Amino acid sequence: MRTLKHLFEKNKAWAEKISSAQPGFFKELSQQQFPEYLWIGCSDSRVPANEIVGLQPGELFVHRNVANIVIHTDFNCLSVIEYAVEVLRVKNIIVCGHYGCGGVKASLKDNQLSISDNWLRHIREIAQKHETELSQIKIESERMDRLCELNIIEQVHNVCNTTIVEKAWSRNQPLAVHGWIYGLTDGLLHDLNVCTSSAEEMKTYFERK
Ligand code: CO
């Protein structure tokens, strides 16, 4: 299968459906984009950013990686955040993880010495940091669910601590960072209530933890 013909057929049907409902949609969109949201999510195929929140092309700027991790030396992720905040002027950054995340689960397994272990090491450190809380959860699946949530909260904190977001807040640019989790079993999003929209709010929220 050298051409993946079925995907081109699906693409054609998709483009035609949108064009017939909204004539000129693609031409108009090709001129510029004004997304209000940056989505930082997991690469998992079951968590498709636009579909989950019912947004069309042009409405969501997206960065995805294994287990939705934001690291201060990841220039791929930082470049996306910088472009979204400084050029597109998004008003919201959403870090969205999901329950049952394979990356989160794998982070606690014994080291296999693969490249991804280095990546997932960041989550292992989160588990170590919150060991007291996690060790009190006796059911493994529930403990894993909590680690999925804690990972998102830590990544929200990391986004807030980037120089990009710090600079945006210091010039009073409206920008909120959210932490959400998606349920694979019911298709629903849950707000982890860590929305942070200023440096003061970040200090208040993360220092009381
Ligand atoms: Co995942």
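Good morning. I begin with strand E4, where seven of the seven residues are buried, so this strand is largely enclosed by the rest of the structure. Please keep in mind throughout that what we are looking at is a predicted model.

Let me take the two partners of E4 in turn. The partner on one side is strand E3, residues 92–98, which runs parallel to E4, residues 176–182, and is joined to it by seven bridges. Within this pairing, valine 95 stands opposite glycine 179 of E4, and histidine 98 stands opposite tyrosine 182.

With E5, the pairing of E4 is antiparallel and extends over three bridges. Here tyrosine 182 stands opposite leucine 189 of E5. The two strands form a hairpin with six residues between them, and in the turn glycine 187 has a positive phi of about 75 degrees. Leaving aside residues up to four places away in sequence, asparagine 92 touches Glu36, Tyr37, Leu38, Leu175, Ala176 and His178.

I turn now to the metal site. Which residues coordinate the cobalt ion? They are Cys42 through SG, His98 through NE2 and Cys101 through SG, at 2.0 to 2.3 Å. Along the chain, these donors follow the spacing C-x55-H-x2-C. Cysteine 42, in strand E1 (residues 37–42), and histidine 98, in strand E3, are 56 residues apart, and the pair links distant parts of the chain. Are these two residues buried or exposed? Both cysteine 42 and histidine 98 are buried.

Next, a pair of helices. In general, two packed helices are described by the angle between their axes and the distance between the axes. For helix H8, residues 140–160, and helix H10, residues 199–207, the axes come within 11 Å and cross at roughly 150 degrees. Angles over 145 degrees count as roughly antiparallel, and H8 and H10 are therefore roughly antiparallel to each other. Their crossing is left-handed. On the H8 side, the contact is made by Ile153, Val156, His157 and Cys160, and on the H10 side by Met202, Tyr205 and Phe206.

Two residues stand out for their backbone angles. As a general rule, most residues other than glycine have a negative phi. Leucine 4, however, has a phi near 45 degrees, a positive value in a residue other than glycine. Leucine 4 is found in the segment before helix H1, residues 5–21. With 38% relative accessibility, leucine 4 counts as partly exposed. The second case is asparagine 68, whose phi is also positive, at about 40 degrees, although this residue is not a glycine. Asparagine 68 has its place in the loop between E2 and helix H4, residues 75–87. How accessible is asparagine 68? At 2% relative accessibility, asparagine 68 counts as buried.

Finally, I would like to point out leucine 108, in the loop between helix H5, residues 102–107, and helix H6, residues 115–129. Leucine 108 has 39% relative accessibility and so counts as partly exposed. Not counting residues up to four places away in sequence, leucine 108 touches Arg124, Ala127, Met144 and Leu147. Leucine 108 and valine 156 are 48 residues apart along the chain, and their C-alpha atoms are separated by 21 Å. Valine 156 is one of the H8 residues in the contact with H10.

Thank you for your attention.

How values were computed:
Residues are numbered from 1 along each chain as its sequence is written. This is a predicted model: local features need pLDDT of at least 70, side-chain atom pairs count only at pLDDT 80 or more; totals for chains, interfaces and linings use all residues. Side-chain values use heavy atoms; hydrogens and water are left out. Two strands pair if DSSP finds at least two bridges between them. Helices (H or I, at least four residues) and strands (E, at least two) are DSSP runs, numbered from the N terminus. Donors are N, O and S atoms within 2.8 Å of the metal (3.2 Å for Na, K and Ca); water is not among the atoms, so sites may look incomplete. Buried means under 20% relative accessible area, exposed over 50%, partly exposed in between (1.4 Å probe, protein chains only). Axes are lines fitted to C-alpha atoms, for helices over the stretch in contact, and angles run from 0 to 180 degrees between N-to-C directions. Angles under 35 degrees count as roughly parallel, over 145 as roughly antiparallel, 65 to 115 as roughly perpendicular and the rest as oblique. A crossing is left-handed if the near helix is turned anticlockwise from the far one by less than a right angle, and right-handed if clockwise. Contact means heavy atoms within 4.5 Å.
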